[in-house]
Amino acid sequence: MGQLSFTTPSWVPGIGGMGWAMPQLPMLARGGYLPHGGAAIVGDGGEPEVVDFPAGARVTPLSQVGAAGGTTVLEIHSGGTRLDDLLVEILRRAIRSRGGKVQVVLGTSR
């Protein structure tokens, strides 16, 4: 994967033996920078997809921005906003319905 090409069979009248090929596409599972833009393969660490990027595009893996395997800190202030109160109620219900153990519902920190 990474290069796309096609050649017509020699027996096809008028275009037999002809073909075309795209240049090797950059694979950006580990991130990268495309100063001139163009097509690249992303997600090649899992399910690959071809994306057409504008000039100056940058791809950053989730693991480098803390979204995968990182730690997320959520601050809820008692007596805070209605959103804080709603979030607390949602968490209470989830914990109660899953056996009452916070670590089971939210996981443990490392």
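**Terms and values in a predicted chain**

Modeller: Helix α1 is followed by Gly-99, a residue with a positive phi, near 100°. The model is predicted: local features need pLDDT of at least 70, side-chain atom pairs count only at pLDDT 80 or more, and totals for chains, interfaces and linings use all residues. Residues are numbered from 1 along each chain as its sequence is written, and side-chain values use heavy atoms, with hydrogens and water left out.

Biologist: Which elements does the chain hold, and in what order do they run?

Modeller: There are two helices and six strands. From the N terminus on, their order is β-β-β-β-β-β-α-α.

Biologist: How do you know that the buried residues of α1 line one face of the helix?

Modeller: Those buried residues are Asp-84, Ala-94 and Ile-95. Seen down the axis of α1, they fall within an arc of 95° (taken from the directions between the helix axis and the C-beta atoms), so they line one face. On the other side, Arg-82, Arg-93, Arg-96 and Ser-97 are exposed.

Biologist: Why is Ser-97 called exposed?

Modeller: A residue is buried under 20% relative accessible area, exposed over 50% and partly exposed in between, with a 1.4 Å probe and protein chains only. Ser-97 has 57% and is therefore exposed.

Biologist: Why is Thr-8 called buried?

Modeller: Thr-8 lies in the loop between β1 (5-7) and β2 (19-21). Its relative accessible area is 13%, and therefore Thr-8 is buried. The Thr-8 side chain also reaches the backbone oxygen of Ile-15 at 2.4 Å. Ile-15, Gly-16, Gly-17 and Met-18 are in contact with Thr-8 (heavy atoms within 4.5 Å), leaving aside neighbours within four places in sequence.

Biologist: Why is Gly-56 called partly exposed?

Modeller: The relative accessible area of Gly-56 is 38%, which means partly exposed. Gly-56 sits in the loop between β5 (49-53) and β6 (57-59). Although Leu-34 is 22 residues away from Gly-56 in sequence, their C-alpha atoms are 5.5 Å apart.

Biologist: What makes up the largest nonpolar core?

Modeller: A nonpolar core is a set of buried Ala, Val, Leu, Ile, Met, Phe, Trp, Tyr and Cys residues joined through side-chain atoms within 4.5 Å. The largest one has seven residues: Leu-28, Leu-34, Ala-40, Val-42, Phe-53, Ala-57 and Val-59. The elements giving two or more residues to this core are β4 (38-42) and β6. Among the residues in contact with Phe-53, beyond four places in sequence, are Leu-28, Leu-34, Ala-40, Val-42 and Val-59.

Biologist: How many of the 110 residues in the chain are buried, as a percentage?

Modeller: Buried residues make up 15%.

Notes. Helices (H or I, at least four residues) and strands (E, at least two) are DSSP runs, numbered from the N terminus. A polar contact is a pair of N or O atoms within 3.5 Å; within protein, one must be able to donate a hydrogen and the other to accept it, and residues adjacent in sequence count only if both atoms are side-chain atoms.
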